[in-house]
Amino acid sequence: MASQCYPDGVERDPVIEEYKKHVDRTLLRENLKLTVEQRLRNLMELQKLSEELRRAGRKVR
Amino acid sequence: MSVDYARFFAALCGGGVEFILVGGTAANVHGSARLTQDVDIVYRRSRENVARLVAALGPFDPYLRGAPPGLPFRWDAETISRGLNFTLQTKLGPVDTLGEITGGGGYDALLAHTLEIGAFGQRIRCLDLRKLIEVKRAAGRPKDLEAVAELEALLDESGG
């Protein structure tokens, strides 16, 4: 496959292009509406949730 | 353990540490929806800055992440100067302090590829999106393929 580039020269990789088809862009568009601090606060909440879920999983085992 | 970004940035910025935010947290800054569990920074390897880094993180008990307790690990300037990249557990959460990253080099090489962001009342240097894509590609890990795809989608969404 011939390589393609973004206008600024970033090379397009056909494998990455395949993965890109499955990226949920609605989530990205929502994130882009937020400030940097709001994005980091959301990340912290996700980290806490992930920790809680792991803790609950350990209790079940 | 989650990362307390507010206190982490306050500690580093308040201590005058020269650092660049990289990795998954930098991806989140650019709009990524992927979960990362730690915070990665590239710190400047000057003697003065290593001393500032040691002083800034010292109160938060940095220890080698995943290492058994009781190892003779000392968070001091000598340890940092003799090593390069440290994956740490701290009271503020998991922190990776990196002297260099694959495909990007150290602080001075990366500095031209950063932007200044504002968060939690601090001004923070963060790797720009294009360089972040470049270093993720250079890392060449299978798990990064999806991350690179998402970052490139963000580049598309933000007008390339």
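Tutor: We will go from the model as a whole to the contact between the chains, then to a pair of helices and a few residues.

Student: What should I know about the model and its numbering before I begin?

Tutor: This is a predicted model, in which local features need pLDDT of at least 70, side-chain atom pairs count only at pLDDT 80 or more, and totals for chains, interfaces and linings use all residues. Residues are numbered from 1 along each chain as its sequence is written, while chains are lettered from A and ligands numbered from 1 in the order in which they are written.

Student: Which pLDDT does chain B average, and which ipTM does the predictor give the complex?

Tutor: pLDDT is the predictor's confidence in each residue, on a scale from 0 to 100. Chain B averages 96, and 99% of its residues score at least 70; for the complex, the predictor gives an ipTM of 0.93 and a pTM of 0.93.

Student: How many helices and strands does chain A have?

Tutor: Helices (H or I, at least four residues) and strands (E, at least two) are DSSP runs, numbered from the N terminus. Chain A has three helices and two strands, and from the N terminus on they follow the order β-β-α-α-α.

Student: How many residues of chain A are in contact with chain B?

Tutor: Two residues are in contact if their C-beta atoms, placed from the backbone, lie within 7 Å. By that rule, 25 residues of chain A are in contact with 27 residues of chain B. On the side of chain A that touches chain B, α1 (14-20), α2 (25-32) and α3 (36-60) of chain A each supply at least two residues, and α3(A) gives the most, with eleven residues. Sorted by class, this side has 15 nonpolar, three polar and seven charged residues, where Ala, Val, Leu, Ile, Met, Phe, Trp, Tyr, Cys and Pro count as nonpolar, Asp, Glu, Lys and Arg as charged, and the others, Gly among them, as polar.

Student: How do α2(A) and α7(B) pack?

Tutor: Two packed helices are described by the angle between their axes and the distance between the axes. Axes are lines fitted to C-alpha atoms, for helices over the stretch in contact, and angles run from 0 to 180 degrees between N-to-C directions. Here α2(A) and helix α7 (residues 144-157) of chain B pack at an angle of about 60°, with their axes 10 Å apart. The two helices α2(A) and α7(B) are therefore oblique to each other, given that angles under 35 degrees count as roughly parallel, over 145 as roughly antiparallel, 65 to 115 as roughly perpendicular and the rest as oblique. In this contact, A:R25, A:L28, A:R29 and A:L32 in α2(A) meet B:A153, B:L154 and B:E157 in α7(B); these residues divide into four nonpolar, no polar and three charged.

Student: Is B:G24 buried or exposed?

Tutor: A residue is buried if 20 or more other C-beta atoms lie within 10 Å of its own, exposed if 12 or fewer, and partly exposed in between, with C-beta atoms placed from the backbone. B:G24, which has its place in helix α2 (residues 23-29) of chain B, counts as buried because it has 20 C-beta neighbours inside 10 Å. Leaving aside neighbours within four places in sequence, B:G24 is in contact with B:R34 and B:T36.

Student: And where is B:G15 found?

Tutor: B:G15 lies in the loop between α1 and β1 (19-22) of chain B, and this residue is partly exposed, with 17 other C-beta atoms within 10 Å.
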